[in-house]
Amino acid sequence: MHGLMMDYQLTMDRILEHANRMFPHKQITTLQPDGSRHRYNYAEAYTRIKRLAKALVNLGIQPGDRVGTFAWNNYQHFELYFAIPGAGAVCHTLNIRLFPEQLAYIVDHAEDQIVFIEASLLPLYERIAHQISCVKHYVLINAPRTIETRLRNVLHYEDLLADADEDFAWRSTDERMAMGMCYTSGTTGNPKGALYSHRSMYLHTIGENQAAALGIVESDVVLPVVPQFHAMAWGLPYACAMSGADLVMPGMHLQPAPLARLIAEERVTVAGGVPTIWMGLYQELKQNPRDLSSLRALVVGGSAMPRSLIEAYERELGVNVLHAWGMTELSPLGTVSILQKHHQNLSDKEKWDVKARQGYAIAGVEMRIVDDSGRELPWDNKSVGELQVRGPWIIRQYFKREHSEDQFTADGWFRTGDVCTIDPYGYMTITDRTKDLVKSGGEWISSVELENAIMGHPDVLEAAVIAIPDDRWLERPLAVVVARPGATLAQEQLRTYLQDKIAKFWMPDHFVFVPEIPKTSVGKFSKTTLRQMYGEGRLSA
Ligand code: ADP
């Protein structure tokens with residue numbers, strides 16, 4: 001027998017309608033490119049979003065079409081977050097840090113019909129434009145009238161809005177319609193798209209707003225430093241609209257000094273970003289102290305937050321750190337490390353140990369750890385296995401990759417590629433990862449791709465890349481290289497060679513030359529041995 005409750009579709013326009021009805025006066029503040037602050041409220045945002053959705057339809061956008069965004073965190077990007085799904089289309093956020101080849105690949109693979117581009121990022125986009133044929137219109141955000149561009153079919157954001165009215169009925173009529181898309185780096189090959197539905201994002205927003213998760217409420221002022229092109233800014237814009245929290249957008253100003261000012265002056269209560277951002281902010285605050293008393297949670301994820309930095313924030317600055325783990329494939333929130341009742345009697349030092357762990361699964365996310373043969377392991381804080389998850393906001397297939405099943409188990413779980421332990425209370429700790437990637441400042445570098453690029457040099461016989469710890473970026477790639485017999489190779493030659501073949505931040509800081517790379521029994525590079533050698537100081541540059 002089925003229940004007799006309404007079949008109410010969980011679509012994102014309903015979150016926006018709620019914001020407009022319940023919290024029309026609440027503020028969205030943006031730090032503009034010129035350093036001034038743009039302020040308006042949810043009611044004004046609502047009207048503009050309706051116009052924007054209508055404008056998209058006027059431009060010919062059909063249900064299911066992908067619309068790209070290439071922009072910083074600002075009010076226009078917030079509008080796009082609702083207008084594109086509201087028009088029945090898919091908001092495809094393009095990561096500005098990708099290497100041009102990969103960027104061109106994802107615009108093309110997603111078949112974006114329109115791309116919205118922030119003026120300051122136009123030169124970056126123009127470099128790939130000639131490789132793209134699917135885009136029918138470009139819309140420039142924050143662009144002066146006099147701007148010159150090689151792109152064709154270019155419109156200005158404000159003109160587009162001015163030409164449309166707000167008499168528009170949402171086209172997101174079915175909660176299973178796709179609403180957003182983010183590509184994430186694979187170990188090898190091209191990035192893969194996670195395609196969110198209205199239902200999955202609606203439920204993720206509720207999940208994130210649980211008191212046992214981020215618990216964002218009306219009285220919060222939220223600063224997403226995590227970019228909107230990175231896992232939907234961790235869902236924070238949606239979480240704010242649902243709860244009526246004020247939103248503060250940093251625009252392009254991600255340097256420590258403007259962030260510190262923004263937090264202090266806007267009385268931010270929740271700020272979200274990767275550890276590298278908070279490391280920079282900490283250094284800044286040591287030099288130029290600010291009043292951070294408004295902050296109730298410094299949310300950090302994307303990479304492990306170092307225990308020392310948690311302690312520094314909590315002990316020296318009195319800021320509560322909320323460490324979270326997530327993945328693009330999880331929309332992205334999976335776990336949070338919030339202390340529970342059983343931690344009450346711990347010393348401060350022990351509490352920081354707990355906070356340095358990745359934490360418990362929020363309701364809506366199920367976890368398990370398994371060994372190499374797929375056998376489930378106990379939650380005893382000792383058994384180490386691969387983390388697998390399932391739930392209503394977790395991916396079941398990548399976009400246009402029907403046969404990439406290696407990340408999904410036969411019984412319906414997603415394989416995260418993270419390796420961890422779980423304690424009897426469900427606190428998860430990541431100890432390693434199976435994916436051969438380096439995470440530098442919150443962005444991925446594929447070791448395998450980098451190795452292939454280095455091995456393209458005619459004088460290189462073999463090259464292996466491992467992640468090594470770094471104070472600022474948390475991880476950096478170290479290239480271990482074997483030169484061809486008779487060849488003399490220097491770091492500089494490899495640097496020059498790689499310059500136009502990889503993204504700038506992929507460039508290894510050091511190349512170490514060795515006579516041979518240790519191999520496993522099946523002849524693969526033994527990265528475990530290399531990491532061990534590095535740890536013992538046997539691989540210094
Ligand atoms: P995001 O960086 O937004 O979390 P990605 O999909 O780019 O999303 O990266 C997800 C991966 O990042 C995880 O599988 C894990 O390896 C790593 N990661 C994310 N959060 C943490 C964390 N708190 N601690 C350690 N690793 C993390």
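Contact here means heavy atoms within 4.5 Å of each other, and the angles quoted are taken between N-to-C directions, running from 0 to 180 degrees. Keep in mind that this is a predicted model.

View 1. Let's start with helix α9, which covers residues 256-266. Helix α9 lies across β1 (27-31), β2, β10 (221-224) and β11 (246-249). Its direction makes about 40° with that of β2.

**View 2. Nine strands make an open sheet.** Follow the order and you get β2-β1-β11-β10-β12-β13-β14-β15-β16, with mixed pairing. Which strands stand at the edges? They are β2 (37-41) and β16 (360-361). Each has a single partner strand, so one side of each is left without a neighbour in the sheet.

**View 3. β14 meets β15.** Now zoom in on strand β14 (residues 321-326) and strand β15 (residues 333-337). The two run antiparallel, and four bridges join them. To find your place, look for W325, which stands opposite T335 in β15.

**View 4. The ligand sits in a shell of protein residues.** There are 20 residues around the ligand, and A324, T328, D418, K435 and K439 come nearest. Strand β14 gives the most to this shell, with four residues. What kinds of residues make up the shell? Eight are nonpolar, eight are polar and four are charged.

**View 5. Polar side-chain atoms face ligand oxygens.** Pick out K439 here: one of its polar side-chain atoms lies 2.6 Å from an oxygen atom of the ligand. H230 also has a polar side-chain atom placed 3.4 Å from a ligand oxygen. For W234, the distance from a polar side-chain atom to an oxygen atom of the ligand is 3.4 Å. Taken alone, the ligand exposes 540 Å², and the protein buries 96% of that.

**View 6. Seven strands make another open sheet.** The order this time is β7-β6-β5-β3-β4-β8-β9, and the pairing is mixed. At the edges are β7 (154-156) and β9 (192-197), each pairing on one side only. Ignoring direction, neighbouring strands in this sheet are turned by 25° against each other on average.

**View 7. β4 and β8 pair up, with helices packed on the sheet.** Strand β4 (residues 90-93) pairs with strand β8 (residues 178-184) in the parallel sense, over two bridges. Here C91 stands opposite G180 in β8. Helix α4 (residues 100-110) packs on the sheet, touching β3 (66-70), β4, β5 (112-118) and β8, and its direction makes about 150° with that of β8. Helix α7 (residues 198-208) packs on the sheet too, touching β8 and β9, with its direction at about 75° to that of β9.

How values were computed:
Residues numbered from 1 in each chain as written. Predicted model: local features only at pLDDT ≥ 70, side-chain atom pairs only at ≥ 80, totals over all residues. Heavy atoms only, no water. Pairing = 2+ DSSP bridges. Near = heavy atom within 4 Å. Polar contact = N/O pair within 3.5 Å; in protein donor to acceptor, adjacent residues only side chain to side chain. Areas by Shrake-Rupley, 256 points an atom, 1.4 Å probe, with all protein chains shown as cover. Nonpolar A, V, L, I, M, F, W, Y, C, P; charged D, E, K, R; others polar.
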